[in-house]
Amino acid sequence: MSSAAGLVARLREVHLGMLDAVLAGDGLQAVARLAAEAAGAPVAIVVPRLAAAALAPIDDDAALETLRRYVDDRVKDRPASVPPIVSAEVPIASGDEAVGAVLLLEDGAGGAAPEAAEFLHLAAVACLTEVAVEEAREEVEENLRGSFLEDLRNRPELEPREIVRRAERLGCDLSRGVVVLCAELTSDRPRHVVATIAGDYPGALAQHMEGARVYALLPAMGGDDAPEQTLEQARRLASRLGRHGTVGLSSFYTDPAEFARAMQEAELVLDVLRQSDGEISEDIGTGTYRLLFRVLASHPEEVRSFYEDTVAPLVRYDDQYRTDLVGTLEAYLEQNCNMNATASAIYAHRHTVAYRLERVKELTGLDPMLSEDRERLGLGLKAYRIIAPRLPR
């Protein structure tokens, strides 16, 4: 056999070995090992799109991190100096788009084979296959997550055991409870948001759904304090995601039969936060608001009825006559029923405050000066805040 024929046979053998490794699920590490063996020198593979990197046959985390940064800059078309340890490089490209690189490294012995570049090209082709396999797998998983979340939202007849079983297949343990997160993004990075959720909250099931919304199921964590600990971790995650948009969280739910209600609650919280002027964002996770949101998700007519029986006449009066009875009542309650402090807070005369509170009494039948009536009015204001986005305009 001629040397040329021998090289072709060797290239074919290595190529088939690399493809077999990819299709068997052995990943980039196996491809790098086969390329290094054939090239006679260390080989690194970096694919930023998959957030993956491999180095063979040596193990050098510092060198691999340097190569990660270098290839990431190259893929993003940023200026980058070739690291001294790189002796040859072949891009991994899909059409005109670079997705990574295969790098031949100096080994200090000068032992790289003359045809090493050929093996680097084979590795690049195998890596494209790995990218295609991973993206196909990710697409299937995205479809499964999306289908599950849609069913959870729209099929209240789902059996609790089926809900837990389907979530478990997707790597999310809902057997002990869940908090639902719903985010409306203002950034164009839904994949980054989903990846952030998955990275920050172990076991979360997150998916970009219709429009700019991302949903996530945050499974219970901790022991007997699971409700408190899960909500605390969920709030931290929501705070971090705040720079990407508005985030609504549900209460902690333990019964899978109520998980659809949890999703509705998270959507309600999100809608309120999106349309509010920021006044309730600090208090929206407190007990009274949480109770109202849970009731609104399960029995919306009760919250609407309570609103109608308390502050609805004030809202309609303000809309009709361009007054501010609602704002005056809120300020009065916030100032611990101190007339002078209320007047100062709303930049009005004390007598104006007294007149407006008298109008509140006339329109609602509830007296702000009486403790029991004040409680009903205060709860009515909270009910108004959470149903306001759904009131006819």
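1. Contact is used here for heavy atoms within 4.5 Å. The model is predicted. With residues up to four places away in sequence not counted, I92 touches I45, V46, V47, E97, A98, V99, G100, A101, V102, A124, C127 and L128.

2. I92 belongs to the largest nonpolar core, which has 34 residues. The members that touch the most other members are M18, V31, V43, I45, I92 and V102. Two or more residues of this core come from each of the helices α1 (3-23), α2 (27-39) and α4 (116-154) and the strands β1 (43-47), β2 (52-56), β3 (86-94) and β4 (97-105). Another core, of 32 residues, lies apart from it; V272, Y289, A297 and V315 are among its residues.

3. One of the residues touched by I92 is G100, which is found in strand β4. Is G100 buried or exposed? Buried means under 20% relative accessible area; G100 has 4% and is therefore buried. Its contacts, leaving aside neighbours within four places in sequence, are V46, V47, P48, V71, V75, P91 and I92. V131 is 31 residues from G100 in sequence, and the C-alpha atoms of the two are 10.0 Å apart.

4. Two packed helices are described by the angle between their axes and the distance between the axes. For helix α12 (residues 325-334) and helix α15 (residues 371-387), the angle is about 120° and the axes are 11 Å apart. The pair α12 and α15 is therefore oblique, and α12 passes α15 in a left-handed crossing.

5. Which residues meet where α12 packs on α15? From α12 there are V326, L329, E330, Y332 and L333, and from α15 there are R374, L377, G378, L381, Y384 and R385. By class, this contact of α12 with α15 holds seven nonpolar, one polar and three charged residues.

6. Helix α12 also packs with helix α14 (residues 350-364), at an angle of about 105° and with the axes 10 Å apart. Angles of 65 to 115 degrees count as roughly perpendicular, so α12 and α14 are roughly perpendicular to each other. On the α12 side the contact is made by L325, T328, L329 and Y332, and on the α14 side by V353, R356, L357, R359, V360 and L363. The contact of α12 with α14 divides into seven nonpolar, one polar and two charged residues.

Definitions and conventions. Residues numbered from 1 in each chain as written. Predicted model: local features only at pLDDT ≥ 70, side-chain atom pairs only at ≥ 80, totals over all residues. Heavy atoms only, no water. Core = buried A, V, L, I, M, F, W, Y, C linked by side-chain atoms within 4.5 Å. Buried < 20%, exposed > 50% of the residue type's maximum accessible area, 1.4 Å probe, protein only. Helix = DSSP H or I, 4+ residues; strand = E, 2+ residues; numbered from the N terminus. Axes fitted to C-alpha atoms, helices over the stretch in contact; angles between N-to-C directions. Parallel < 35°, antiparallel > 145°, perpendicular 65-115°, else oblique. Left-handed = near helix turned anticlockwise from the far one by under 90°. Nonpolar A, V, L, I, M, F, W, Y, C, P; charged D, E, K, R; others polar.
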